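User: Hi! I am new to this structure and would like to learn how to read it. Could you take me through it feature by feature?

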Amino acid sequence: MPRKTASRRALTPRSGAKSSPRRSGVSDPRRTSNRPPTNLPEHAAPATTIPADSTLDPFEQFYARGLTDGLPVVPPTRERVQAAIEASGRSADELIALVPPNFGRATVEKIAINAVMAGCRPEYLPVVIAAVEAVCDDKFDLHGVSATTNAPAPLVIVNGPIRHALDINCGAGLFGPGWRANATIGRALRLVCVNIGGAIPGVVSMSTFAHPGRYTYCIGEREEVSPWESLAVEHGFAPTDDTVALLAADAPLTIFDQRSRTAPDLCATIAASMAVLEHHKMTHWGDTLLVLSPEHATIIAGDGWRKADVRRFLFERLQRPVCELVPGRNGGDGLPEHVLRKFADPDHDQTLIPKFRAPEHIKIIVAGGSAGRFSAVVAGWSFSKGSNLVMRRIR
């Protein structure tokens, strides 16, 4: 590997700690495990540069210091980071947020470093910055999302003209690979959460399973084919505004319905699929995303239904009587004891309890490919007092 000059030294997102120990006369790092480092002290940070005389591959150094997601990263040279900062139009030392759980200082420069490492083009940085602002809002509860044993990951949903300017995928395969903007914007946010916020897998982030969205999770709404107003417009933004919405989200669950030709029939299928989110007796759930394919949206809108009609149908359909929600009856889980105490005879009570706290918690967008009668539902991490969808305008 060629020697690096001082002007080409790579930056890292944190500073203030010693570099990884090396054995005398040995070029490989002492750490040989395939697991990420888990012994960094609280608030510790790796060295700020790769030594100019190092013969070790830069990826191996970043990985040994716990700065990657397990995949190779782009070395964040000063030139690359500066180009990203300039594209943002903001000062390098501007503080954007304190990132939970360690409340690390996410300046524009530190966010830019992580964005470069993720493979972002400079013009993507404003989207990443807006996403960082959103996840650090108290309503999102990034501390809880980062530490829970559940599986949520921050899902970035982009609205506005910037989708086209950055070539953000809103169509076929939008949850999958193939688009640099989607892949690297979502990945940059994840690296910020780990490298600045301290959400280290297996140390702070203790999810039982997690899911692939913790590598990267970013989509756009396909506004041009939607029969309704966009998610952003529903939340008070103008159609010309560029925005991000952040949802603490599980993996998408595909909904298959090839034969329904009316709104009630199709929404009945969707309701049955949504009934099992988290578990079939879960109640009073919060923000959850329903992603309707263009074909399914056309069927529903063809019957004159608006988004509000879909929400109302699903909310009313997804209610079950107390007697079916008693723990130990058709499943060990169910209503908690403090709720059951409100009913004199819960084993026979027919009072309906809703799956969602209110219809407004069912967020709806239109996205995906034009061919194929599929939709998807993305459950939020939104139990009582859990995470809420947060939106920010992209500057």
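Analyst: Happy to. Let's begin with a pair of helices: α2 passes α3 in a right-handed crossing. A crossing is left-handed if the near helix is turned anticlockwise from the far one by less than a right angle, and right-handed if clockwise. Helices (H or I, at least four residues) and strands (E, at least two) are DSSP runs, numbered from the N terminus. This is a predicted model, where local features need pLDDT of at least 70 and side-chain atom pairs count only at pLDDT 80 or more, while totals for chains, interfaces and linings use all residues. Residues are numbered from 1 along each chain as its sequence is written, and side-chain values use heavy atoms, with hydrogens and water left out.

User: At roughly what angle do the axes of α2 and α3 cross?

Analyst: Axes are lines fitted to C-alpha atoms, for helices over the stretch in contact, and angles run from 0 to 180 degrees between N-to-C directions. Here α2 (residues 78–88) and α3 (residues 108–118) cross at roughly 120°, their axes coming within 9 Å. Angles under 35 degrees count as roughly parallel, over 145 as roughly antiparallel, 65 to 115 as roughly perpendicular and the rest as oblique. The two helices are therefore oblique to each other.

User: Which residues of α2 and α3 meet?

Analyst: Contact means heavy atoms within 4.5 Å. From α2 come R80, V81, A84, I85 and S88, and from α3 V108, E109, A112, I113 and V116. For classes, Ala, Val, Leu, Ile, Met, Phe, Trp, Tyr, Cys and Pro count as nonpolar, Asp, Glu, Lys and Arg as charged, and the others, Gly among them, as polar. This contact has seven nonpolar, one polar and two charged residues.

User: How do α2 and α4 cross?

Analyst: The axes of α2 and α4 come within 8 Å and cross at roughly 75°, so these helices are roughly perpendicular to each other. On the α2 side the contact uses A84, I85, A87 and S88, and on the α4 side L125, P126 and I129. Its residues are six nonpolar, one polar and no charged.

User: At what angle do α4 and α7 pack?

Analyst: The angle is about 45°, with the axes 10 Å apart. That makes α4 oblique to α7. The crossing of α4 past α7 is right-handed. V127, V128, A131, V132 and V135 of α4 touch I185, A188, L189 and V192 of α7, and these residues divide into nine nonpolar, no polar and no charged.

User: In what order do the strands of the sheet lie?

Analyst: Two strands pair if DSSP finds at least two bridges between them. Four strands form an open sheet with mixed pairing, in the order β4-β3-β5-β12. β4 (218–220) and β12 (390–393) are the edge strands, each pairing on one side only. From one strand to the next the twist averages 25°. β3 (residues 153–159) pairs with β4 in the parallel sense over three bridges, and V156 has C218 in β4 as its bridge partner. Helix α4 (residues 125–135) packs on this sheet, touching β3, β5 (243–249) and β12, and its direction makes about 50° with that of β5. Helix α7 (residues 180–195) lies across β3, β4 and β5, at about 135° to β4.

User: What is the mean pLDDT of the chain?

Analyst: pLDDT is the predictor's confidence in each residue, from 0 to 100. The chain's mean is 89, and 86% of its residues reach 70 or more. Over residues 1–34 the pLDDT is below 50, and this stretch has 89 contacts in the model beyond near neighbours in sequence.
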